Amino acid sequence: MITRLLVANRGEIARRVFRTCRALGISTVAVFSDADADAPHVAEADLAVRLPGTRPADTYLDVGRLLAACRASGADAVHPGYGFLSESAEFAREVLAAGLVWVGPPPEAIAAMGVKIGAKRLMAEAGVPVLPSLDLAAPEEFPLLVKASAGGGGRGMRVVREPGELAGAVESARREAAAAFGDGTVFAEPLLERARHVEVQVLADRHGAVWALGERECSVQRRHQKVIEECPAPGISEATRSLLYEAAVRAARTIGYVGAGTVEFLVKGDRVAFLEMNTRLQVEHPVTELVHGVDLVRLQIEVAEGAALPAGPPPPVGWAVEARLYAEDADHVPQAGVLRRFEIPGDVRVDAGVESGSVVSPHYDALLAKVVAHGPTRAEAVRRLVSALRRARLHGLTTNRDLLVNILTNREFVAGSTHTGFLDPDGPVRASSAAPEQPAEAGHAGLAAALAVAALNRSRARVLPGLPAGWRNVRSQPRTIRFEETGEVTYDPLPEGVTVAAADPYRVILEHDGLRRTYEIAHYPGSVCVDHAGGHAELTPVPRLPEPTEHVAPGSLLAPMPGNVLRVEVEPGDRVVRGQAVLVLEAMKMEHRITAPADGVVSVVGVEKGRQVDAGAVLVIIQEGDS
């Protein structure tokens, strides 16, 4: 029996495993980098071991340090989580060689599926349908998809539509794969456009039982990273479902799989093609848990302890939908900093790696939480999820909340007509246009903020606090507040037709056209957050007497986030055209291309390869025009 389990991971992943361990009475051990010293998963564990440094390679990917942490803490078992070393056969072997219980599949099974090129060959020999591999030197068809042979999560993947794009895509995919997984091997296969991404949850024990525990729809993706997942997959015929289950079970049996894993497929019409097998628990496992009424982490632990699975999997009940909430702006640039408030209400499950006051680090993935709703029908589950996201209080960092709501309320999504191009520029929902149509409440968010700021100022007044701010016997001018986002807002006199039912520093109730609307207000240094039934606004008051500001030269390209300079593509004097890559940053485990905003000439290159830069740093200056 396992008595003390170390989770070789961080954030939401570690907290998810700890939750089950507490229910089972198992003592928990966290590991943490210097950047994660104050993270919630560290405080939540019974014991925690520091891994000095911030880079994943020196901390969460360092097998030697992780095994030393097991010895120091007295852990007798290791759960790898999902991500980092969860699909490392070497790590599994080292854990077992140290006499510890490995809560995962056998190293041989991980190795069989860990290299996608070999995995495809093995699956084809076993009779599992696969897509053909293409010759990277001279592919015979386009478009194609360049893929990392190791790892997953969309890293090391590039779509190539023209022969001239191939060399650059391969080079970029290799770099990203090497940085993320320590293996830069890539391969190519045909791009099956507008197909569906459907995966099957499998669970196997050491006694020969293999379950196909339902399927998940994961087609809504951006940059090959899943955004929305649901169980079951809408519109899948029973014949296709049977084919998927049969192929998934065959894949698991072929490699002698034990534990929880996922077999992923592309589905287009009646065609089913094997993509890969993830030899670990998946990020989206909660939708399967809610529909089938199981705890997959508990089952993983019991199987690792030698228990046999019941005769068959529990039947599905209802529908579950999961949304991945990221710290990123409308252009999908990851955000780092302090998450001042994190509250998600409603009848939903929230698996989060953060809490109010958490610092989101630039060193790791920008996922804040998975928000999951379950209901008797798909429509009800979606409605609950939309309501929770709209009412969430997420202050301090920009998130993809608006994009998620936009997807979940899109007509084609509601109809279940999703595919892997759903967020493409020509898809039903443009991923670059994240903000949904603004409801009526949003129009008065600035007014509510202005009234709350005025009330807060009065509450802090030491002289005649009962008088309104700026009071005069004879009014000389309107009372206003200026916000960077909205410009000047007049709150006295009020706009025509608007009355104030109540106003204090933290809540404002406005009445307009016979309807009362409530606005909840939060004040932070330099910002005011407004939450209402229709959404959220974060406003920045402009001081009446602003401090002198530092100006940057016209044409400056600034770092959108902290990161490491991977490549500099230009030199001073080079002519560039709009959209041309001038520099590549690595941040939050992804490559980010910095492109020229207009045609011009490079006048200054302010950084060099390998340099770490802060958000807002001047990278390159481009003088527009021909000179």
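A nonpolar core is here a set of buried Ala, Val, Leu, Ile, Met, Phe, Trp, Tyr and Cys residues joined through side-chain atoms within 4.5 Å. Buried means under 20% relative accessible area, exposed over 50%, and partly exposed in between, with a 1.4 Å probe and protein chains only. The model is predicted, so local features need pLDDT of at least 70 and side-chain atom pairs count only at pLDDT 80 or more, while totals for chains, interfaces and linings use all residues. Residues are numbered from 1 along each chain as its sequence is written, and side-chain values use heavy atoms, with hydrogens and water left out.

The chain as a whole comes before its parts. The chain has 14 helices and 35 strands; helices (H or I, at least four residues) and strands (E, at least two) are DSSP runs, numbered from the N terminus. Its radius of gyration is 26 Å, close to the 25 Å that the globule rule gives for 627 residues, so the chain is as compact as a globular protein of that length. That radius is taken over C-alpha atoms, and the rule is 2.2 Å times the number of residues to the power 0.38. Along the principal axes, the C-alpha atoms fill a box of roughly 90 × 60 × 55 Å. Of the 627 residues, 52% are buried. The chain exposes about 27200 Å², and carbon and sulfur atoms supply 50% of this area; accessible areas come from the Shrake-Rupley method with a 1.4 Å probe, and for residues only the protein chains shown count as cover. Contact means heavy atoms within 4.5 Å. Among contacts between residues at least 6 apart in sequence, 62% join residues at least 24 apart.

The largest nonpolar core has 37 residues, of which Ile228, Phe342, Ile344, Ile407 and Leu408 touch the most other members. Strand S11 (225-231), strand S14 (319-326), strand S19 (367-375), helix H11 (378-391) and helix H12 (401-408) each supply at least two residues of this core. H11 gives the most, with six residues. Apart from this core lies another, of 29 residues, among them Leu213, Val258, Val294 and Leu296. Ile344 touches Leu325, Val350, Val371, Ala388, Ala392 and Leu394, not counting residues up to four places away in sequence.

Why is H12 largely enclosed by the rest of the structure? Seven of its eight residues are buried. These are Arg401, Leu403, Leu404, Val405, Asn406, Ile407 and Leu408.

S11 is also mostly covered, with seven of its seven residues buried. Strand S10 (residues 210-222) pairs with S11 in the antiparallel sense over four bridges; two strands pair if DSSP finds at least two bridges between them. Val220 stands opposite Ile228 in S11. The hairpin of S10 and S11 has two residues between the strands, and in it Arg223 takes a positive phi near 55°. S11 also pairs with S14, in the antiparallel sense and over four bridges. There, Glu230 has Val321 in S14 as its bridge partner.

Lys370 lies in strand S19 and is buried, with a relative accessible area of 0%. Its side chain makes a polar contact with the side chain of Tyr82 (3.4 Å), and a polar atom of the Lys370 side chain lies 2.7 Å from the backbone oxygen of Val283. Beyond four places in sequence, residues in contact with Lys370 include Glu12, His285, Glu322, Arg349 and Asp351.

Arg196 is in strand S9 (residues 196-204) and is buried, at a relative accessible area of 15%. The side chain of Arg196 makes a polar contact with the side chain of Glu217 (2.4 Å). The backbone oxygen of Pro234 lies 2.4 Å from a polar atom of the Arg196 side chain.

Ile521 is in strand S25 (residues 515-524) and counts as buried at 6% relative accessibility. Leaving aside neighbours within four places in sequence, the contacts of Ile521 include Ala448, Ala452, Tyr506, Val508, Val528 and Val530. The C-alpha atoms of Ile521 and Glu284, 237 residues apart along the chain, are separated by 33 Å.

Key:
A polar contact is a pair of N or O atoms within 3.5 Å; within protein, one must be able to donate a hydrogen and the other to accept it, and residues adjacent in sequence count only if both atoms are side-chain atoms.
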